[in-house]
Each structure stands twice: as C-alpha cells, then as structure tokens.
Amino acid sequence: MKNRIKVERAIHNLTQEELAKKVGVSRQTINAMEANKYVPSTVLALKVGRIFGKQVEEIFELDEGD
Amino acid sequence: MSHSLLLPHQYKKIGWWLFVPSLLLGIFVTTNLYELPELNAHMFSLIPEFSQDKFARTIWFIDTNLTHTIVGVLFIISALMVGFSKEQNEDEYIARLRLSSLLWAVLFNYILLLLSFIFVYGFGFFTVMLYNMFTVLLLFIFRFRYLLYRSKTAFADEK
C-alpha cells in the first residue's frame, strides 16, 4: 500500500511528532507508515484522514503487490 | 493484539530493577561463578517423594535449598514485568513489534532447542534444559528492545 502522509504532512506543516500527537499514536508509527513498513489499521487510517481533512482513499492507495 | 493482558507502564521500571540483579544471580547460581548462601527451608512439594523405608509413605513436605527457587521466581516475575508491561506510547505499531518479537523468540528458542536435542547429550543436556526454561523470555525481551530501538532511531527522513 502506498500513502501520501509525508506530502500531506508537508502541506499542513506538521512534523512526525506533531502528527503523531494529533492522531494519538507514537512517532515510530508515523515514521513506519511513511517508510511503507507498516500498514495501519482502518481506524488509524480514518484518523489520519480526518486530521488532513481528506477521504482515506486520497491518502492511502493500493499498490501493485496488494 | 489485545492490550488487556499487558500490565500498566509503571511495572516496566520495577521489572528492570528486579530483572538485572536476578539475571546476574541466575548466572551465579547456574555457573557456580560465585557461591550464594544456602537458604534451607521446609517446603510443600506438589509432587511427593517416596521414602525408602518399608512402610513406604508419601512425603509432601521436603527440606530443600531455597536459593534456586528464589532466584528463579524473581527472574520469571521480573522478566514478565519487563516484557509484558505497556510501553509509554503503546499503540498498534508497537503491539505489532511486540507480537513479531514473540514469534521470533519462540521460533529461535525452538531452533536452539532442536539443535541441542541433536547435538548435546548426557549431563550437558540437563544444562541446556535448565537455561531453556528462561531463554524464551530473554530472547523476546532482547528482540523487542532491539526492534523498538531500531524504530526510534529510524528518523533520517523526518521532513
């Protein structure tokens, strides 16, 4: 799964730490998602979407491998 | 992974304070590097011993040296506290690291045990069994700490 978290974070001018606080997870989780090492749960994906004011599918996208 | 089985985060600190000394004591006890004082006590034994005399009777209470018992109990309790207390920022990703560390530890432990079964015999195997009682917890703790450390230091691409 690909995601645009890093891009959205830049648009909203948030550090990983700040985004992590807003979403209520650890900084490692944001970092792992951005590095495509971790596929978040649906709940977490929805929360990230809400912070950026976007639909989940505008941030997360299926990969060829999925 | 259900978080309901994990202890609150505060137990982690207490766990570490007990874990380090009991690990050292455990090494002393099993290697005889340093002789610990004997603590003899009269204890209830769940599996009875049979006495040698004619009127064979079961003995439920035995006289034993409690040093090994105390060290073993301390080690297990403290290792459980260290391994199964919540992290300060326990979330779904940390839970996944925890679970994958546990899988890794069980697998690695049984590979070691399998090799020991094949290559270690006699009294040496007794030593293997002795350590094997504690290695799952040890391997799990070390693997989990390592994964946490690695994920904390992976911030090269912050911006």
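What follows is a short chat about chain B of a predicted model and the side of it that touches chain A.

Me: Before we start, what sort of model is this, and how are residues numbered?
Reply: This is a predicted model, in which local features need pLDDT of at least 70 and side-chain atom pairs count only at pLDDT 80 or more, while totals for chains, interfaces and linings use all residues. Residues are numbered from 1 along each chain as its sequence is written, and chains are lettered from A and ligands numbered from 1 in the order in which they are written.

Me: OK, in what order do the elements of chain B run?
Reply: From the N terminus they go α-β-β-α-α-α, where helices (H or I, at least four residues) and strands (E, at least two) are DSSP runs numbered from that end.

Me: And how many residues of chain B are in contact with chain A?
Reply: There are 10 of them, facing 11 residues of chain A, with contact taken as C-beta atoms, placed from the backbone, within 7 Å. Helices α3 (92–119) and α4 (123–153) of chain B each supply at least two residues of that side, and α3(B) gives the largest share, 3 residues.

Me: Switching to Phe140(B), why is it classed as buried?
Reply: Phe140(B), which is found in helix α4 of chain B, counts as buried because 23 other C-beta atoms lie within 10 Å; the cut-off is 20 or more, with 12 or fewer for exposed and partly exposed in between.

Me: Which residues does Phe140(B) touch?
Reply: Leaving out residues up to four places away in sequence, Phe140(B) touches Gly83(B), Ser101(B), Leu102(B) and Ala105(B).

Key: Contact = placed C-beta atoms within 7 Å.
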